[in-house]
Amino acid sequence: MQYELIQDATLVSNYIKGDEGALEILVNRHKQKIYSFIYSKVYDRDVAEDIFQDTFIKVIRTLKRGAYNEEGKFLPWVMRISHNLVIDFFRKSNRMPKFDNTDEFNIFSVLSDTSLNAENSIIKEQVETDVRRLVEELPEDQKEVLLMRIYEDLSFKEISDKTGVSINTALGRMRYALINLRKIIDKHNIILTN
């Protein structure tokens, strides 16, 4: 395995220096694994082929810009690019309902789906990452209450006891946390999907 990683790194280096054939060897070496991964997410040969092509367009542009620095981890890097393109495809397609930011909207409802297929699984993973990033932007007191309530499933009485604030204060912090999350979502133009 180490031999293959060194070979990949050498081929990448040769391609960057102008050896077009080096990229062809890399593509041929990894195309089955990359294409299979993409197809396992989209279940459509034409879409998988398009995403596969887009993946290598991104690879070529990144290599030509001199922005590649994955230190011999070529395949995981390319897989990450294809993974992101699959997510982009699902976000752009109309196959997924979009949530409106209404008062009934619950940002955490997207995390509770138990019957996930491969498509929903990859989207759920990305949504969870997005939600974690959003929560990090909250003020510390609001983040604390929200994490206890959602992730630790504590009651507001338990949160009150644990933080030393009144139940009303805990409720208020939770309310403001949700309001602020909606503002952050609007500010960053984020679309959370289920």
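**Figure 1. Overall fold of the predicted model.** Along the sequence, the protein runs through the pattern α-α-α-α-α-α-α-α. The model shown is predicted. Among contacts between residues at least 6 apart in sequence, 60% link residues at least 24 apart.

**Figure 2. Surface and interior of the protein.** The protein has 194 residues, and buried residues account for 39% of them. The accessible surface is about 11,700 Å². Carbon and sulfur atoms contribute 49% of this accessible surface.

Figure 3. G21 lies in helix α2, which comprises residues 20–42. The relative accessible area of G21 is 31%. G21 is therefore classed as partly exposed, since this class lies between the limits of under 20% for buried and over 50% for exposed. L11 is 10 residues away from G21 along the chain, and the C-alpha atoms of the two residues are separated by 8.8 Å.

Figure 4. P76 is placed in helix α4, formed by residues 74–92. With a relative accessible area of 46%, P76 is partly exposed. In sequence, P76 and I34 are 42 residues apart. In space, the distance between P76 and I34 is 9.8 Å, taken from C-alpha to C-alpha.

Methods. Residues numbered from 1 in each chain as written. Predicted model: local features only at pLDDT ≥ 70, side-chain atom pairs only at ≥ 80, totals over all residues. Heavy atoms only, no water. Helix = DSSP H or I, 4+ residues; strand = E, 2+ residues; numbered from the N terminus. Buried < 20%, exposed > 50% of the residue type's maximum accessible area, 1.4 Å probe, protein only. Contact = heavy atoms within 4.5 Å. Areas by Shrake-Rupley, 256 points an atom, 1.4 Å probe, with all protein chains shown as cover.
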